[in-house]
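Here's a quick walk through one model, from its fold down to a few side-chain contacts. Have a look at the structure first, then read on.

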Amino acid sequence: MENHLHLIVRQREDPLFRLLQPALRRIALLIQREHRVEGHVFQRRFRTHPCLSASHLRDAIIYTHLNPVRAGMCSDPSHADSTSHHLYTGAQRDGDPIASIVQPALELFASRESIRVETWRADYAGYINYRLLCDKADAAGDVRSAPPPDTMSGDAFFSANFATVVERPTLTLQRTDLRDIALNMLQAQHPGLQLRSLRGGRLGSRLLNQIRDGIIRECAMAGHRGVAIAAFFNMSPSRVSVISRHCG
């Protein structure tokens with residue numbers, strides 16, 4: 001992305017700062033040299049969220065790969081140069097590491113038991129296309145009509161290979177998709193109200209503003225960044241920041 005980055009890391013014994021501090025320092029030095037600037041490049045310390053379920057890890061991967069599309073930087077994830085989407089689809093590029101690096105993550109999308117990488121890639125493609133269709137439905141104000149793809153084998157793979165972290169109360173928060181948070185709150189509290197009526201800087205009534213503000217606070221408490229929330233609701237990040245300050 002133009003002003004931030006997302007990394008999905010499989011952590012073992014070492015703390016994450018041993019990876020991220022030198023990496024971010026290197027990025028900062030390159031930016032300072034390229035643009036001839038001084039001072040801090042990153043506004044704040046990096047933030048982390050543990051992925052403690054197969055669905056959360058899958059959503060984190062899809063969120064990262066679709067970020068350039070949702071930000072309007074490209075129309076298709078295959079057109080983005082800054083993600084590993086091409087490694088998941090098998091579209092290798094010159095100088096890239098071998099595709100086997102992402103195979104453990106790719107198998108999370110498996111719909112059935114298989115040892116064929118081509119099968120996992122097809123399942124991944126089906127999953128990311130499903131998310132793209134959900135985004136289009138959201139833009140049109142429609143309700144999601146199809147269930148998510150089957151990932152039963154991927155869930156079993158996660159349980160056997162990734163679920164080794166001891167779950168603690170402070171680590172069990174999972175970041176639900178923005179659209180799912182909004183639709184779930186509307187269905188529970190205001191059935192019949194369309195999501196599209198809550199998108200835009202100025203809404204038609206005080207009640208609609210209150211409903212939207214409540215959803216924004218819920219999204220912020222779920223760990224979503226203000227910039228992503230602002231883009232989702234088609235409003236300014238500064239307004240989202242003001243609303244989010246009243247969380248809790």
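Is Arg-58 buried or exposed? Arg-58 is buried, at a relative accessible area of 4%. Here buried means under 20% relative accessible area, exposed means over 50%, and partly exposed is in between (1.4 Å probe, protein chains only).

A word on ground rules. This is a predicted model, so local features need pLDDT of at least 70 and side-chain atom pairs count only at pLDDT 80 or more, while totals for chains, interfaces and linings use all residues. Residues are numbered from 1 along each chain as its sequence is written, and side-chain values use heavy atoms, with hydrogens and water left out.

**Overall fold**

Helices (H or I, at least four residues) and strands (E, at least two) are DSSP runs, numbered from the N terminus. Of the chain's 248 residues, 36% count as buried.

**Salt bridges**

Back to Arg-58: its partner in a salt bridge is Asp-155, with the closest N and O atoms 2.8 Å apart. Asp-155 sits in helix α6 (residues 152-161) and Arg-58 in helix α2 (residues 54-70), so the pair ties together parts that are 97 residues apart in sequence. The structure holds nine salt bridges, each being a side-chain nitrogen of Lys or Arg within 4 Å of a carboxyl oxygen of Asp or Glu. Among them are these:

| Pair | N to O distance | Relative accessible area |
|---|---|---|
| Arg-199 and Asp-138 | 3.2 Å | Arg-199 26%, Asp-138 7% |
| Asp-213 and Arg-239 | 4.0 Å | Asp-213 11%, Arg-239 37% |

The side chains of Arg-199 and Asp-138 meet in a salt bridge. Arg-199 lies in the loop between α7 (178-189) and α8 (206-221) and Asp-138 in helix α5 (residues 117-140), so this pair links parts that are 61 residues apart in sequence. Asp-213 and Arg-239 also form a salt bridge. With Asp-213 in helix α8 and Arg-239 in helix α10 (residues 237-244), the pair ties together parts 26 residues apart in sequence. There's a network too: salt bridges link Asp-59, Arg-131 and Asp-177.

α1 has 19 residues and runs 26 Å from its first C-alpha to its last, close to the 27 Å expected at 1.5 Å a residue (1.5 Å times one less than the number of residues). Its buried residues are Leu-20, Leu-24 and Ala-28. They cover an arc of only 60° around the axis, which puts them on the same side of α1; the arc is that of the directions from the helix axis to the C-beta atoms. An α-helix has 3.6 residues a turn, so residues three or four places apart point the same way. On the face turned away from the buried side are the exposed residues Arg-18, Arg-25, Arg-33 and Glu-34. After α1 comes Arg-36, with a positive phi near 55°.

Leu-7, in the segment before α1 (17-35), is exposed at 55%.

**Cysteines**

Cys-51 is partly exposed at 25% relative accessibility, whereas Cys-134 is buried at 4%. Counting pairs of cysteine sulfur atoms within 2.5 Å as disulfides, the total is zero.
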